[in-house]
Amino acid sequence: MNQKFQNIDRIIEENGTSKKSLIPLLQAIQNEYNYLPEEALKYLSEQTSISPSEIISVASFYKQFRMQPAGKHLVKICVGTACHVKGAGLVYDSFRRHFKLPSDNDTDDSKTYTLEKVSCLGCCTLAPVVQVDDITYGHVAPDQVDQVIEDFESQQNKKEAKKYRKADGSEIKGEIRIGLGSCCVASGSGEIEREVESVVNQNNLRVKLKHVGCVGMCHQVPLVEIVPNEGEPTLYAKVKPEDVRNIVESHFQPPGVFAKLKNKILHFAEDIQTDRNWDGVQRYEISMREKPVASFLGNQVPIATEYRGIINPIDINEYIKRGGFTAIKKMFSELTPDEVVAEVKNSGIRGRGGAGFPTGVKWEFVKKEKSETKYLICNGDEGDPGAFMDRMLLESYPYRVIEGMIIAAYATEIHHGYFYIRAEYPLAVKRIRKALEICRENNFLGKNIQGSGFDLELTIYEGAGAFVCGEETALIASIEGSRGFPRIRPPFPAQSGLWGNPTLVNNTETLAQISYIIREGADKFNGIGTLGNTGTKVFALAGKVARGGLIEVPMGITIREVVEVIGGGIANGRKFKAVQIGGPSGGCIPAEYANTPINYESLSEMGAMMGSGGLVVLDDTDCMVDMARFFLSFTQDESCGKCTFCRVGTKRMLDILDNITTGKGKPEDLKELEKLAEWTGKGSLCGLGKTAPNPILSTLKYFRDEYEAHINGVCPTGKCMEMITYSVNDECIGCTKCVQKCPVDAIPFTPHEKHSIDTELCIKCDACRAVCPVDAIDVK
Amino acid sequence: MITIKINNTAIQVEEGTSVMKAAQQMGIDVPNMCWHDELEHFTSCMLCLVKDSSRGKLFPSCSVKAAEGMEVITDDEEIKEARQTALELLLSEHVGDCEAPCQLGCPAHMNIPLMNRLIAAGKFSESLEVVKRDIALPAVLGRICPAPCEGACHRRTVDESVSICLLKRFVGDEGNAPEIIPAISTGHKVAVIGAGPAGLAAAYYLQLKGVQVTLFDKAEKAGGQLRTEISRELLPLDVLDAEIDLILKSGVDFKGGKAIDQEAFDQMTMDYNAVVVAAGTFDGDTNRFNLKGTAKGIEADRSTYRTSAENVFAIGNSLRTSKLAIRSLGQGKEVASSVWQFLNGKPVMGERRMFNSRFGRLVKEEFSEYLKESVVANRNHPESGGRNGFTAEEAIAEAKRCLRCDCRAIDDCKLRIYSDSYNADQRRFKTSERRKITKLDNHSSIIYEPQKCIKCGICVRLTEKDQEKFGFTYIGRGFDIEVGVPFNGELESALTDTAIKVAKGCPTGAIELKEK
């Protein structure tokens with residue numbers, strides 16, 4: 001017995017025996033055993049003061065915890081928004097078929113693979129994305145599952161598995177995009193393209209060449225854009241043929257030198273966001289890139305993302321060299337806490353977590369509380385399926401967020417703070433941990449920071465997977481070691497938060513903008529954006545735009561500017577239909593309102609929301625009812641279950657949408673859906689439930705005709721599987737490609753004859769349509 | 001002290017008082033289900049929503065403290081709709097029957113499960129007392145009723161329905177009729193025309209309420225069609241006479257051999273405070289006492305049986321011809337309530353039926369769950385065969401086959417009470433398949449039916465507060481959240497000292513005392 005639980009004894013010793021250690025304890029146990037064995041939990045309850053009900057309550061609440069052993073390898077299918085609109089659902093189904101999984105099990109018979117849906121892997125530009133253990137596969141088509149698994153297995157015995165791969169096994173490191181708008185062509189981009197091809201072929205680089213249309217920067221042509229798998233693209237303007245080799249080689253290493261440059265490349269693969277080692281490129285940039293893309297493409301303004309692509313995340317000296325920590329130096333020498341609060345109030349900054357509460361006012365509330373113990377929490381529990389700005393900020397600018405926290409703590413007289421970071425963000429946790437260590441060593445944390453007399457300790461708390469924990473009262477419950485049930489406000493955390501003490505909870509992005517405000521002054525900040533909506537906002541731009549990624553734009557920028565100028569317009573010549581802003585709390589704004597400025601109020605008026613900052617662009621092939629269903633199924637799944645309206649209301653709305661998208665809708669459903677949406681919004685306890693109906697209400701408002709079409713039996717875009725059938729049209733040349741691809745033998749082998757699809761057998765996996773060389777598959 | 005205004009009336013309450021408690025202090029009923037006096041507020045059921053009248057926003061009053069100058073509305077239309085919607089959402093995931101389907105199926109709504117339980121316990125006379133609350137002629141009906149109740153019986157889905165009708169006959173035959181304690185006379189006088197099943201029942205229940213009933217019939221003897229249309233073999237005279245005698249003994253003044261013509265009727269409406277017409281089928285266009293009629297008979301309100309004349313009520317075949325004696329008997333019982341309300345100057349509403357949660361048919365996976373409270377046995381038939389009744393042993397064995405489908409919380413379930421008062425419609429959100437019912441009965445004093453749970457967490461919080469070693473806990477989250485015992489432990493180990501408190505605290509019938 002003792003032998004068996006030795007590890008648990010050690011885990012308890014490392015993590016503590018009180019309730020507040022419960023989540024870290026469970027995380028450590030799962031780390032040890034790959035799931036939470038019942039015996040282990042029983043032993044845990046015997047050895048600690050934590051009761052069995054508390055253990056089960058928490059273990060069964062958070063997504064991270066498994067009560068059953070998982071397979072040896074974990075297959076994560078990203079079903080975030082960007083992947084969803086690019087067909088992740090079909091990929092997921094295809095994996096289920098591949099592993100022959102029954103509906104109630106996610107692990108295959110051999111216990112080798114466990115399938116898991118994840119909300120966002122943060123590689124939206126590679127959508128749809130699948131991660132097998134730590135290898136990421138991008139652009140995975142439903143019929144490539146065999147190849148993915150085959151390739152993954154082929155990588156198992158190799159020492160250095162390449163982390164980004166195409167489904168056919170070739171490693172992809174990124175994409176090179178060449179502008180082929182008419183201006184580009186006129187300026188000689190054809191020549192550039194030939195040069196790029198020659199460099200790529202010579203070096204045997206595994207990159208994708210892609211042509212992009214006009215990006216509205218015709219004065220800068222020809223354009224070459226380098227898009228690494230993760231992180232941000234770099235756009236080179238006015239490229240000359242002789243520059244091409246330099247540009248390409250500075251981004252991509254030929255495979256031959258891989259071993260030699262192992263360390264360097266590992267560094268690259270791991271730290272893609274900003275750790276690029278620009279040997280010689282710095283100089284090159286000055287002559288070639290008139291300005292980095294960020295500053296002239298669509299008026300982006302980097303504040304939270306200042307020096308992006310330039311600074312090394314954990315190099316504190318580089319941070320300092322680039323103006324880091326000057327804000328706290330200025331603060332400690334010139335400003336009283338009251339003055340700091342006043343400055344933040346004057347800046348007009350509002351909470352970037354979504355609701356937009358004025359940050360300075362919140363600080364003032366906490367400051368007013370005369371309590372011995374107060375806490376500061378950096379809310380990094382981002383869970384929006386398709387937004388990953390918090391992760392990026394924590395990974396790439398750890399010191400900037402820490403500096404923001406020091407300022408917040410000083411202003412509100414707090415001496416202990418937490419980073420609440422999702423456990424799904426291991427790199428963010430690692431970076432912050434390292435950064436905290438270095439800050440302590442350099443006296444940016446700890447006692448008497450920089451001789452100011454001010455003390456601050458910061459610790460990391462890893463969230464265990466619950467979207468609702470982004471809500472501050474649920475987040476606090478989570479740190480206290482409970483399930484993430486929100487509670488009513490008031491009392492607000494500012495009065496009674498963590499363990500009943502006044503607590504300041506700020507979003508990561510908010511904190512990342514604070515040092516700028518103090519360093520540059522409130523007026524500089526509030527000079528950006530518009531009245532009442534000052535400063536900038538980071539968005540994860542994804543979906544059907546030519547260029548997706550993280551952007552930081554001034555408040556008040558129009559949707560059109562974001563989509564057309566920054567995003568480069570709609571890819572593949574499709575029509576711009578709508579943007580979904582704010583993720584599961586937000587809504588869809590149709591293209592005809594593209595001139596709407598992006599600010600808290602105007603988005604709310606349109607039925608959307610700033611939310612967490614997901615900005616997904618939709619084209620005319622996207623079904624709006626399916627979008628509403630997608631977001632609602634997310635919130636329904638993430639509802640904590642505490643209050644009636646959210647627990648049952650979201651489920652019933654999803655039921656109705658399920659019925660509508662499977663051809664079982666009734667005309668009266670729309671009225672009921674509206675009514676229920678209204679009540680779920682009005683009656684729910686916390687923000688999750690209150691905003692859950694937004695995706696439905698906004699699509700009902702702007703795209704009611706699509707709902708009506710579904711009720712009449714037609715999904716206009718052919719996205720809703722139950723409502724469509726596949727058939728072969730007269731274009732068919734009898735090439736049998738579809739026959740070979742069909743996983744269920746629904747297409748008889750009839751070479752040189754027009755093929756046919758047995759609709760009884762067809763599972764609508766779309767493989768035939770994708771492979772058909774002559775567009776002979778109709779989906780109606 | 002803090003002053004707040006609730007529904008435009010100011011009240012002073014102590015600091016820290018919740019808005020709900022403040023309203024209750026004023027005698028305003030604020031519905032609530034997740035609130036428990038021994039516990040902190042929890043804010044789950046959302047029934048206690050009230051409105052902040054300055055901002056027009058709804059908030060849960062159990063969890064918000066009264067603040068100086070607050071103005072609150074507790075009962076406008078929007079609030080009612082909020083509560084109704086909350087109830088309908090809860091009902092959509094509440095899988096259980098309030099009254100058993102047999103009772104709902106019985107036109108007289110007799111409490112069949114209770115009858116069965118008392119028979120099973122050998123308490124035949126108590127059982128008869130229960131039957132006679134709704135059915136005035138049990139032994140008679142036990143012989144002639146086509147038993148719609150048995151068609152509705154859940155046991156029928158499992159194997160064969162419980163032999164309800166014969167059980168009723170058994171208690172009618174074997175039980176000692178409840179002693180009639182004459183009610184204090186109210187001084188009211190009511191004439192009932194027609195001594196068939198409807199008239200007899202009306203007379204019986206009115207008389208029990210302290211009304212002096214005079215029962216008229218054109219025949220010399222009471223019984224109506226029971227006496228004339230049914231074979232003696234099926235319904236022996238001595239059985240009929242004995243049960244009619246019991247009714248007449250309650251003090252009913254029976255005047256046989258008196259056909260009532262228009263003149264006599266008009267006189268009656270003046271001599272008596274009210275008249276109940278239970279005179280059977282009116283042939284063709286014969287005079288219906290000048291009352292408004294339909295093609296089928298006298299026109300009367302469907303739930304109060306009141307006719308076009310204020311003090312005249314009509315029941316049974318005089319409304320429309322039916323061969324179902326139990327329907328007439330049921331109407332006789334119900335009209336007694338309407339007449340009683342009329343006599344006492346109350347609004348005439350008839351016998352109001354409470355809200356009933358229903359889940360439909362049992363499915364296969366549920367048979368074993370329901371059998372936990374029953375026995376595995378085929379339907380019993382009287383051994384002596386033919387038209388004979390059960391022996392006591394047979395009756396007990398058959399009664400034990402009852403699945404106990406009625407809810408133990410039938411009288412005090414808050415979900416039922418509020419659903420009734422807010423007119424909730426359980427079918428509104430019937431948008432997907434229901435959950436399968438399970439019953440956890442491995443506990444000496446309580447039974448737990450998780451699918452009736454509304455996730456208010458009172459049990460979880462009570463066991464936590466009283467430091468049960470295992471207790472109840474929340475398992476999972478969202479719509480699939482469940483309340484259960486950690487590590488799939490036994491109910492017995494989860495609830496030790498708190499069992500009774502937890503059962504009493506449960507606002508629905510999810511956790512109940514077995515003995516109930």
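User: Happy to dig in! How many residues of chain A are in contact with chain B, and how many of chain B with chain A?

Analyst: Good place to start, bearing in mind that this is a predicted model. Helices α3, α4, α26, α27 and α28 of chain A each supply at least two residues of the side that touches chain B. Counted by residue, the contact joins 33 of chain A with 34 of chain B.

User: Which helix gives the most to that side of chain A?

Analyst: The side of chain A that touches chain B divides into twelve nonpolar, ten polar and eleven charged residues. Ten residues of this side come from the helix that gives the most, α27(A).

User: How are α26(A) and α30(A) oriented to each other, roughly parallel or roughly antiparallel?

Analyst: Their axes, for residues 624–638 and 694–702 of chain A, come within 8 Å and cross at roughly 170 degrees. Angles over 145 degrees count as roughly antiparallel. The two helices α26(A) and α30(A) are therefore roughly antiparallel.

User: Nice. Which residues of α30(A) meet α26(A)?

Analyst: From α26(A) come A:Met624, A:Val625, A:Met627, A:Ala628, A:Phe631 and A:Leu632. By class, the contact of α26(A) with α30(A) has eight nonpolar residues, one polar and no charged ones. On the α30(A) side, the residues are A:Pro695, A:Ile696 and A:Thr699.

User: Let's turn to the four-stranded open sheet in chain A. Which strands stand at its edges?

Analyst: The strand order is β12-β11-β10-β13 in chain A, with parallel pairing. The twist averages 20 degrees from one strand to the next. A strand with a single partner has one side left without a neighbour in the sheet, so the edges here are β12 and β13 of chain A.

User: Over in chain B, what separates the centres of domain 1 and domain 4?

Analyst: Domain 1 of chain B covers 2–75 and domain 4 covers 432–513. Their contact takes eight residues from domain 1 of chain B and ten from domain 4 of chain B. Taken over C-alpha atoms, the separation of the two centres is 28 Å.

User: Finally, what percentage of chain A is buried?

Analyst: Chain A has 33 helices and 22 strands. Of its 780 residues, the buried ones make up 54%.

Key: Residues numbered from 1 in each chain as written. Chains lettered and ligands numbered in written order. Predicted model: local features only at pLDDT ≥ 70, side-chain atom pairs only at ≥ 80, totals over all residues. Axes fitted to C-alpha atoms, helices over the stretch in contact; angles between N-to-C directions. Parallel < 35°, antiparallel > 145°, perpendicular 65-115°, else oblique. Contact = placed C-beta atoms within 7 Å. Nonpolar A, V, L, I, M, F, W, Y, C, P; charged D, E, K, R; others polar. Domains from an automatic or database assignment. Buried ≥ 20, exposed ≤ 12 C-beta atoms within 10 Å, placed from the backbone. Pairing = 2+ DSSP bridges.
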